[in-house]
Protein chains: 2
Amino acid sequence: MTKPRSEFELIERHFARPPRDPAVRVGVGDDAAVLAPTPGTELVVSVDMLVEGRHFFAGTDPQRLGHKTLAVNLSDLAAMGATPRFALLAGALPDSDDAWLTAFRAGFRALAERYAVELVGGDTTRGPRNLCVTIIGEVPTGTAILRRGAQPGDDVYVSGTLGDAALAVAALSGEVVLSNGDLAHAQRRLESPEPRIELGERLRGIASAALDVSDGLTGDLGHILECSRVGATIEVRALPRSATLDAMLEGRTHDIALRCLLAGGDDYELCFTAPQRHRIALAGLAQALALPLGRIGAIDAIPGLRVRDGNELLSALPRAFDHFAE
Amino acid sequence: MTKPRSEFELIERHFARPPRDPAVRVGVGDDAAVLAPTPGTELVVSVDMLVEGRHFFAGTDPQRLGHKTLAVNLSDLAAMGATPRFALLAGALPDSDDAWLTAFRAGFRALAERYAVELVGGDTTRGPRNLCVTIIGEVPTGTAILRRGAQPGDDVYVSGTLGDAALAVAALSGEVVLSNGDLAHAQRRLESPEPRIELGERLRGIASAALDVSDGLTGDLGHILECSRVGATIEVRALPRSATLDAMLEGRTHDIALRCLLAGGDDYELCFTAPQRHRIALAGLAQALALPLGRIGAIDAIPGLRVRDGNELLSALPRAFDHFAE
């Protein structure tokens with residue numbers, strides 16, 4: 001294996017290419033990138049850091065990791081209703097393994113190209129594996145979807161299905177046994193989440209509040225409730241879920257399924273609220289995007305989140321994943 | 001010591017505050033920040049990652065580290081002639097040590113406030129200590145100072161003094177012995193570099209090319225030469241230097257001094273080129289900023305960098321610091 005002579009070459013070789021977007025006046029290769037923002041828009045920016053052993057297992061397929069590293073950031077933009085434009089990637093790597101980096105790049109770039117995201121900056125260094133992406137998107141001025149707009153009477157929705165990524169973690173750690181097919185499906189959800197970019201863009205003017213479910217539904221929905229100073233009641237049976245989790249919910253692994261659905265992170269679906277008058281528009285949008293939009297409950301004026309499981313009101317909610325919790 | 005209950009609280013407690021800049025429509029606390037760019041400007045963005053044990057020693061004073069973490073990014077903007085506006089900070093920390101984080105924040109925030117930089121995003125996670133800052137600045141459209149504009153006949157300049165940070169590393173690793181006062185000075189240069197923001201802004205329209213000296217003068221100046229497809233000849237005796245390095249250059253530690261001056265990283269001074277007609281303007285600028293601007297050589301049309309040490313033309317240049325070099 002040939003090794004690059006220098007950090008500079010490493011970045012150049014792996015990530016530089018002439019930018020296709022004329023808004024990129026200067027891309028990778030100077031002290032900083034120079035970008036022309038679109039008149040009439042606001043910038044939407046976010047940063048995420050992924051650490052080996054915490055956010056992904058050592059030995060994770062590098063191509064899937066490249067995808068996921070960008071996907072989790074795109075998901076933040078989706079939650080704001082923003083159109084992604086530019087990304088910056090900083091990475092610490094334990095060695096300069098060409099095969100690993102080539103595969104990582106392929107996964108990162110395939111997703112970037114799908115959404116016309118230009119990589120405009122990078123920094124590579126040696127260290128315990130750590131990947132940090134900053135994403136820059138745009139929205140027409142004043143149209144970003146915030147966490148603080150939910151109103152009593154609004155419906156609460158979740159896109160796609162919940163809990164599959166957490167189910168994969170439970171299976172990989174031996175807590176639950178899945179068939180090979182079910183494990184493969186869950187693991188794909190964990191390792192290759194799909195950012196809901198089109199959905200976010202189409203929710204501008206419809207959703208009153210939104211975020212992406214990265215740490216678990218109850219914790220994340222809780223942020224909307226706190227920011228909006230409202231409460232909500234949701235129904236476990238209304239939570240959109242895979243056939244596997246649906247079956248588990250009826251059997252002796254009911255509690256694990258419940259934890260995956262309510263507290264499982266890493267699904268990167270959107271949770272959003274919308275006034276009831278948009279129900280027909282949202283049904284049409286779900287059809288247009290071929291993406292289920294599950295109505296899971298409603299916003300009310302009583303602070304806090306109430307979760308119903310059939311006739312039972314859950315007294316304790318499974319805890320969301322929390323990096324610094326004791 | 002109380003520990004924060006959650007990652008979310010940790011970020012909120014340490015870094016959130018109501019933004020002072022009305023351009024920050026939404027700051028920390030949503031999925032992403034929403035920012036209003038200034039009409040008539042372009043964005044200038046850069047990312048830097050600092051890893052413990054590589055970019056800073058374990059046990060480095062956290063307040064100085066907070067300063068440096070932001071300073072190295074501001075330095076990239078200075079090299080582009082940009083005015084800093086917004087920063088995003090992602091950090092992996094081995095534990096949630098409140099005292100460490102409070103000191104780190106104090107250093108970061110003091111520098112941010114000096115340049116009216118708003119912290120608009122953050123991500124905190126547990127892991128080997130790693131700090132990643134993305135900086136966003138602005139320049140009037142078309143005025144960014146790039147690496148590729150140097151022309152034969154241009155003068156080559158360096159701001160401040162070179163080599164002090166590398167001298168501190170040499171002293172701390174036992175390679176050279178310094179007096180307490182000299183060590184303290186060098187260590188301050190290593191741990192608390194001053195980004196040359198005002199200089200960068202004032203160089204718009206004057207400098208033909210610029211970058212910041214982060215990896216060592218010869219390597220960094222080499223980037224200007226490659227990008228501009230020119231060469232240069234510089235003089236060791238013209239390199240701006242501290243009294244300590246000046247004395248070493250005359251004595252038996254000449255070679256160490258030479259390496260610090262030519263290949264020492266982490267000084268974060270600006271190296272720039274400018275047409276000769278700007279000499280008087282630059283002398284006035286040095287006086288106005290109370291910052292020496294040393295003219296160290298000239299650009300010519302012969303590819304490569306030539307370094308003169310008195311009457312001698314150096315045949316081999318000390319190598320710049322390189323994270324992935326073998």
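Predicted model: local features only at pLDDT ≥ 70, side-chain atom pairs only at ≥ 80, totals over all residues.
Colleague: What should I know before reading the values?

Modeller: Residues are numbered from 1 along each chain as its sequence is written, and chains are lettered from A in the order in which they are written. Local features need pLDDT of at least 70, side-chain atom pairs count only at pLDDT 80 or more, totals for chains, interfaces and linings use all residues, and side-chain values use heavy atoms, without hydrogens and water.

Colleague: Which residues touch the most other members of the largest nonpolar core?

Modeller: A nonpolar core is a set of buried Ala, Val, Leu, Ile, Met, Phe, Trp, Tyr and Cys residues joined through side-chain atoms within 4.5 Å; buried means under 20% relative accessible area (1.4 Å probe, protein chains only). Here the largest has 51 residues, and L70(A), L203(A), F272(A) and L282(A) touch the most other members.

Colleague: What does L203(A) touch?

Modeller: Contact means heavy atoms within 4.5 Å. Leaving out residues up to four places away in sequence, L203(A) touches I145(A), L270(A), F272(A), L282(A) and L285(A).

Colleague: How many residues of each chain are in contact at the interface of chain A and chain B?

Modeller: In chain A 69 residues are in contact with 70 residues of chain B. Buried area is the accessible area (1.4 Å probe) that two parts lose on being put together, summed over both; here it is about 5600 Å², with 60% from carbon and sulfur atoms.

Colleague: How many salt bridges cross the interface?

Modeller: A salt bridge is a side-chain nitrogen of Lys or Arg within 4 Å of a carboxyl oxygen of Asp or Glu. The rule finds six between chain A and chain B. D30(A) forms a salt bridge with R147(B), with the closest N and O atoms 3.6 Å apart.

Conventions:
Buried < 20%, exposed > 50% of the residue type's maximum accessible area, 1.4 Å probe, protein only.
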